[in-house]
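Subject: Model handover

Hello,

The structure is below, and my notes on it follow. Please check them against your own copy.

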Amino acid sequence: SALRPKAPTQASTSTMPPPIPKKPVGTPLFGIARPTLVIECFLDLCCPFSKKMFVALTTQVLNAGPDKFGGQVELVFQNVPQPWHAQSSYMHEVALAVSLVNEAAFYPAVSAIFEAQTDFFDDKVMDKTRSQVYSDLIDVVVPALAGAGFEGITASAIGEKLALAGEGNSGSEVTLPMKWAVKYHRLRSIHVTPTVLVNGIEAPDVSSGWTGEQWEEKIAA
């Protein structure tokens with residue numbers, strides 16, 4: 001019968017389910033065990049509005065460390081590479097490569113990429129290859145990491161995480177983390193950057209133009 005299930009083939013019985021992340025998707029700023037307030041920022045490293053939000057949060061609100069809000073407020077960075085800027089994927093891949101070397105270096109790497117953001121706008125990279133963009137990003141990140149106390153993270157260490165694993169569309173070590181990041185924001189219907197979720201619920205009132213004072217009022221509400 002056409003309705004009868006087909007006998008499993010060798011290929012189907014050996015098919016593995018998609019891999020599951022070993023920890024929640026996204027990178028926390030502090031690593032607080034049980035925060036009462038989690039601010040998830042869905043940001044694109046090529047988006048100037050994402051940069052404004054990131055800078056405000058990390059330099060005006062949470063720069064004093066986790067104790068400022070009694071150790072109860074956590075910021076989680078969610079990677080949202082926007083495909084209409086092809087280089088956005090490369091920017092996020094480099095940040096994720098740094099995280100694979102040492103997750104503690106992720107935020108300094110992101111800060112450095114945001115600082116140099118205009119050097120990676122469309123008009124600056126139109127005629128560059130993928131490898132050239134990677135190289136330029138690594139040149140931005142490595143000295144910034146050294147200045148932040150991560151002297152041991154070298155250009156070659158980051159480059160190894162970006163190197164293709166084999167022939168064809170084999171991807172690299174950052175391919176799977178990128179897939180998880182994209183799947184995570186797609187499942188939450190995130191399109192615009194920046195978008196903010198507070199304890200898992202979208203906060204549409206939050207603006208990229210908010211000052212530190214406005215953020216503190218939101219956190220205290």
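Largest pocket

The largest pocket has a volume of about 380 Å³. A pocket here is an open set of points on a 1 Å grid over the protein atoms alone, where a 1.4 Å probe fits, with protein on both sides within 12 Å along at least five of seven lines; lining residues have an atom within 4 Å of a point. The volume is the space filled by probe spheres set on the points, which are joined across faces, edges and corners. Of the 16 lining residues, K23, L96, S99, P177 and W180 are the closest to the centre of this pocket.

This is a predicted model: local features need pLDDT of at least 70, side-chain atom pairs count only at pLDDT 80 or more, and totals for chains, interfaces and linings use all residues. Residues are numbered from 1 along each chain as its sequence is written, and side-chain values use heavy atoms, with hydrogens and water left out.

Backbone

The peptide bond from T193 to P194 is cis, with omega near -5°. P194 sits in the loop between α8 and β4; helices (H or I, at least four residues) and strands (E, at least two) are DSSP runs, numbered from the N terminus. That loop also holds S189, a non-glycine residue with a positive phi of about 55°. S189 is exposed, at 65% relative accessible area (exposed is over 50%, buried under 20%, partly exposed in between, with a 1.4 Å probe and protein chains only). N199, not a glycine either, has a positive phi near 50° and is partly exposed at 44%.

Regards
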